[in-house]
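These are my notebook entries on one structure. I set down what I looked up, entry by entry.

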Amino acid sequence: MTGAGEARPGEAEWAAAVAALRGLPPGARVLLACHVNPDGDALGSMLGTALGLRRIAGELGIGHLAATFPGPLRLPAPFDSLPGAGLLVAEEDADPAPDAMLVFDVASIERLGGLAGRLRAAPVGIVLDHHASNPGFGAINLVDPAAAATSVLSEGLLRRLGVPLDPEIAECLYVALATDTGSFKFASTTPAVHELAARLIATGIPVGEISRRLFDTRPFGAVRLFGVALARTVLEREGAGGLGLAWTYLTLDDLAEHAQPPSAVEALIDSVRCVEEADVACVVKPVRAGEWSVSLRSKGATDVAAVAVALGGGGHRFAAGFSAIGTVAEVMERIRALLRPPAAHQG
């Protein structure tokens, strides 16, 4: 089956996914899952597909349908009002042995945490993703590194299943598409992306309201927290092989002082990546004492996915991330070492 490195799923993969879902046993139990600390693409792609499958559950013989992700069942704003959120269950309450499991926006099986075993054991296991680092860990892999968002794969599957778009499905898929293209300003925004967005908007979704919620709404405490992080930003002009590295970090004490959850700083990387003198941007965010979530971005001259993969994470060439243990100084030194040009590693 198609995995990373190939342009897109072939018709054989699409046909296999459709046949697997149409061949489920009567009363089948179907579980959908996305990665830990889900973002807009993970949640939107998963919930949009869940709503679509629910719409044709009788036709497919689905008796039980639920969605989940590893970790506490908390939806970060602005995703807590997504349609289909009622289908979410806590990880510990998810079906232990589903007949079919669909996984969304998960670059590596480790990002499923304790849910990984369910995918391995499920009679039907389908992976929908667009990360170039995805090795193709499902029985059926709908993986397209060229897709702007995983929601492109979700829409492709629903279309092939004959599910018409409605405003609820469209809102989920639009949120996924808009967030992973940076409100349609990243290089992944192709004519096909705009054509898909047009079809989603044509269902009547409130685009202005959705965009304000996604990009222009932030608690006052989060605004102050961003100020702390931006004031702490370091510019290393010789970093990334002379292309420039801009980076910052936050601590658990920073979050507590401003009464903000870790999810409040997910968008911080977009402010750091604006630094004109740096090709690479990095934000080190606290998870718990001594544990960090690291976001990496490149303006185009550096493959940050290679750095993230080397450090146990994954992502895209210009947007990637990983988890790390240690101090901020130790984490940054690992990143610097991998960002150096090859000659710097030779004695």
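How many residues of helix α5 (residues 150–160) are buried? I found eight of the eleven to be buried, so that I record the helix as mostly covered; buried means under 20% relative accessible area, exposed over 50% and partly exposed in between, with a 1.4 Å probe and protein chains only. The model is predicted: local features need pLDDT of at least 70, side-chain atom pairs count only at pLDDT 80 or more, and totals for chains, interfaces and linings use all residues. Residues are numbered from 1 along each chain as its sequence is written, and side-chain values use heavy atoms, with hydrogens and water left out.

Entry on α5. Helices (H or I, at least four residues) and strands (E, at least two) are DSSP runs, numbered from the N terminus. Among the buried residues of α5 I list L153, L157 and L158. G162 follows the helix, and its phi is positive, near 80°.

Entry on salt bridges. I looked up the total and noted 14 salt bridges, each a side-chain nitrogen of Lys or Arg within 4 Å of a carboxyl oxygen of Asp or Glu.

I then examined R29 and D95, whose side chains form a salt bridge at 2.1 Å, N to O. R29 belongs to strand β1 (residues 28–34) and D95 to the loop between β2 (62–68) and β3 (100–104), so the pair ties together parts 66 residues apart in sequence. R29 is partly exposed at 35% relative accessible area, whereas D95 is buried at 11%.
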